Amino acid sequence: MEKLYFFSLASGSSGNCYYLGMPSYGILIDAGIGVRQIKKILKERGVEFEKIQAILITHDHADHIKSVGYLGESLNIPVYATEAVHAGIRKSRYVEEILVQSRRVIEKEKTFMIRDFNVTAFEVPHDSSDNVGYSIVYGEHTFVIVTDVGHITDTISRYACNANHLVLEANYDVEMLTSGTYPVFLKERVSSGSGHLSNHDAAEFLALNYSPKLKNIWLCHLSRDNNHPELAYKTVDFRLLREGIKVGKDVSLSVLKRMTPSDVYEFDAEVKK
């Protein structure tokens, strides 16, 4: 039986990149860290860089697109994003190479195929040119990634509630943000409906929408200044427990590191031909 692997290369305001794939091929979600770093981490985890089939981009902020120009145009890896996100990438001062041959335009909620992956982008509110989450289905596994989230919408809920494996933002702790050193305008931006998702809001959503089909939760995109991994974990863990959901028994909960790779998560997978 084929093995399916997931891991984070980095998850935070300094850069975001995730891998999903098999020994034969895989994809990246976002490419907000350096190309050398991507190659190094993939090699350390036994993933041949040449087997990367595509890059899915959530939005056009620098910490998600840093390397897409080189990966797309110099290394000929297709870059998938909405028309608005591609426009934002083209204008970004952080991307030197203009995407031409590698540019792939997608539409929200229109499923497309990358080899055996069924991929659907969906609307996520954030203060970028445009922003999407991704639902990626492979065999019996549904991975959903929702990062840089101003607030949970009905659309996000619909996709997240269908996930077996969910990557969800838990960017900040409300008290840390409120009492922290950020200027008022930045505090308001982070906590606004087009900013980021707090530990509390992530925990509430997970506790009130849990179903037994959900096997793995990964908390992503933690703030360096306004959060701690242990705090994010405990906030979600305690809230789930109040609903009678036990971490480690009913669902697995992990916090993805900001600057360093996560563990490799391995799943049995089979696609019927």
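Me: Is His165 buried or exposed in this model?

Reply: Buried means under 20% relative accessible area, with exposed over 50% and partly exposed in between (1.4 Å probe, protein chains only). His165 has a relative accessible area of 2%, so it counts as buried. Bear in mind that this is a predicted model, where local features need pLDDT of at least 70, side-chain atom pairs count only at pLDDT 80 or more, and totals for chains, interfaces and linings use all residues. Residues are numbered from 1 along each chain as its sequence is written, and side-chain values use heavy atoms, leaving out hydrogens and water.

Me: Which side chain does His165 join in a polar contact?

Reply: A polar contact is a pair of N or O atoms within 3.5 Å; within protein, one must be able to donate a hydrogen and the other to accept it, and residues adjacent in sequence count only if both atoms are side-chain atoms. Here the partner is His141, at 2.9 Å.

Me: Where does His165 sit?

Reply: In strand β11. Strands (E, at least two residues) and helices (H or I, at least four) are DSSP runs, numbered from the N terminus. β11 (165-169) is also among the elements covering the buried residues of α8.

Me: How do α8 and α9 pack?

Reply: Two packed helices are described by the angle between their axes and the distance between the axes. Axes are lines fitted to C-alpha atoms, for helices over the stretch in contact, and angles run from 0 to 180 degrees between N-to-C directions. For α8 and α9, the angle is about 30° and the axes are 9 Å apart.

Definitions and conventions. Contact means heavy atoms within 4.5 Å.
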